[in-house]
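Have the sequence and the 3D view open while you read my notes.

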Amino acid sequence: MPDIRTVDKAIDKAASTRQRLLDSAETVFMTLGFDGTSMRQVTSEAQVNLAAVNYHFGSKEGLFHAVLRRRLEGLNQERLRVLDELEAKAGGAPLKPSQIVDAFFGTLLRMAARDGNGGGVFLRLIGRTLTEPGEFIRALLAEEFADVLDRYKQALFRALPDVPKEEIVWRFHFMLGATSYAIAGIDTLRLVTDWQTGDAEDGLEKLLPRLMSFLLGGLRAPLPQVPPSQPSARANASSRRKKP
């Protein structure tokens with residue numbers, strides 16, 4: 001019968017190895033993206049052997065899913081908690097759009113700020129993941145965010161009854177894109193412009209109010225004058241043939 005202390009040490013070692021893999025993978029995926037990352041790069045960063053990835057996660061996809069899930073679970077729970085609290089205080093009345101936007105996007109930035117450097121790495125990983133998702137990542141994110149997105153979508157529908165639902169969905173899509181680009185890191189901005197953006201170390205404290213102001217401005221913008229759909233040339237030709 002194995003000594004209990006030996007068993008405990010083995011369990012602690014396995015847990016430590018798994019944690020190092022998750023921390024290292026988060027950094028490497030953030031830097032190189034999912035497609036650009038190899039398992040040898042992750043295991044070298046974590047200082048473990050390649051077999052450890054297969055043992056703990058089964059595959060590169062399994063490792064990436066675990067990296068996202070360990071933080072997304074807490075983030076999504078907090079988003080739902082904040083929304084539940086706001087709706088309870090509203091007593092059945094629709095929430096203000098600003099409350100909904102802050103509850104969804106502000107919660108992300110505040111949690112990242114509380115988690116220190118690890119939160120910042122994950123924030124940039126999320127930004128990169130949302131701006132360059134492949135088929136596997138799209139399916140993964142759809143699974144992780146489905147319930148939360150539906151709750152927030154319904155809250156926005158109630159908050160903006162005079163705005164067509166299709167327009168709300170488009171605007172939320174644009175807000176996701178703007179946020180993803182913003183949290184991908186200041187280096188991304190410098191790739192496309194030499195404009196002065198202030199101190200790169202301003203941090204999330206200054207990013208949050210700037211981002212909220214921008215997102216709310218887009219959400220509250222006048223409805224676009226979308227031209228009515230024009231019948232296709234084929235439909236027009238078919239209609240002309242039917243005329244006596």
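1. First, some ground rules. This is a predicted model, in which local features need pLDDT of at least 70 and side-chain atom pairs count only at pLDDT 80 or more, while totals for chains, interfaces and linings use all residues. Residues are numbered from 1 along each chain as its sequence is written, and side-chain values use heavy atoms, with hydrogens and water left out.

2. Look at helix 4 (residues 60-90) and helix 5 (residues 97-114), whose axes come within 10 Å and cross at roughly 145°. Helices here are DSSP runs of H or I with at least four residues, numbered from the N terminus. Axes are lines fitted to C-alpha atoms over the stretch in contact, with angles from 0 to 180 degrees between N-to-C directions. On the helix 4 side, the contact (heavy atoms within 4.5 Å) includes Gly74, Leu75 and Glu78, and on the helix 5 side it includes Ala103, Phe104 and Met111.

3. Now find helix 7 (residues 135-159) and helix 8 (residues 165-183): their axes come within 10 Å and cross at roughly 125°. Leu149, Lys153, Leu156 and Phe157 of helix 7 meet Lys165, Ile168, Val169 and Phe172 of helix 8.

4. Thr37 sits in the loop between helix 1 (4-36) and helix 2 (39-46). Is Thr37 buried or exposed? Thr37 is buried, because its relative accessible area is 4% (buried means under 20%, exposed over 50%, partly exposed in between, with a 1.4 Å probe and protein chains only). Leaving aside residues up to four places away in sequence, Thr37 touches Val28, Phe29, Leu32, Val42 and Lys60.

5. The model has 14 salt bridges, each a side-chain nitrogen of Lys or Arg within 4 Å of a carboxyl oxygen of Asp or Glu. One of them joins Arg71 to Glu26, with the closest N and O atoms 2.7 Å apart. This pair links distant parts of the chain, as Arg71 in helix 4 and Glu26 in helix 1 are 45 residues apart. Glu26 is buried, at 3% relative accessibility. Asp23, Glu26, Arg70 and Arg71 are linked in a salt-bridge network.

6. Finally, return to Lys153, which forms a salt bridge with Asp150 at 3.8 Å between the closest N and O atoms. Lys153 and Asp150 are three residues apart in helix 7, so about one helical turn separates them. Lys153 is partly exposed at 31%, and Asp150 is partly exposed at 38%.

Notes. Helix = DSSP H or I, 4+ residues; strand = E, 2+ residues; numbered from the N terminus.
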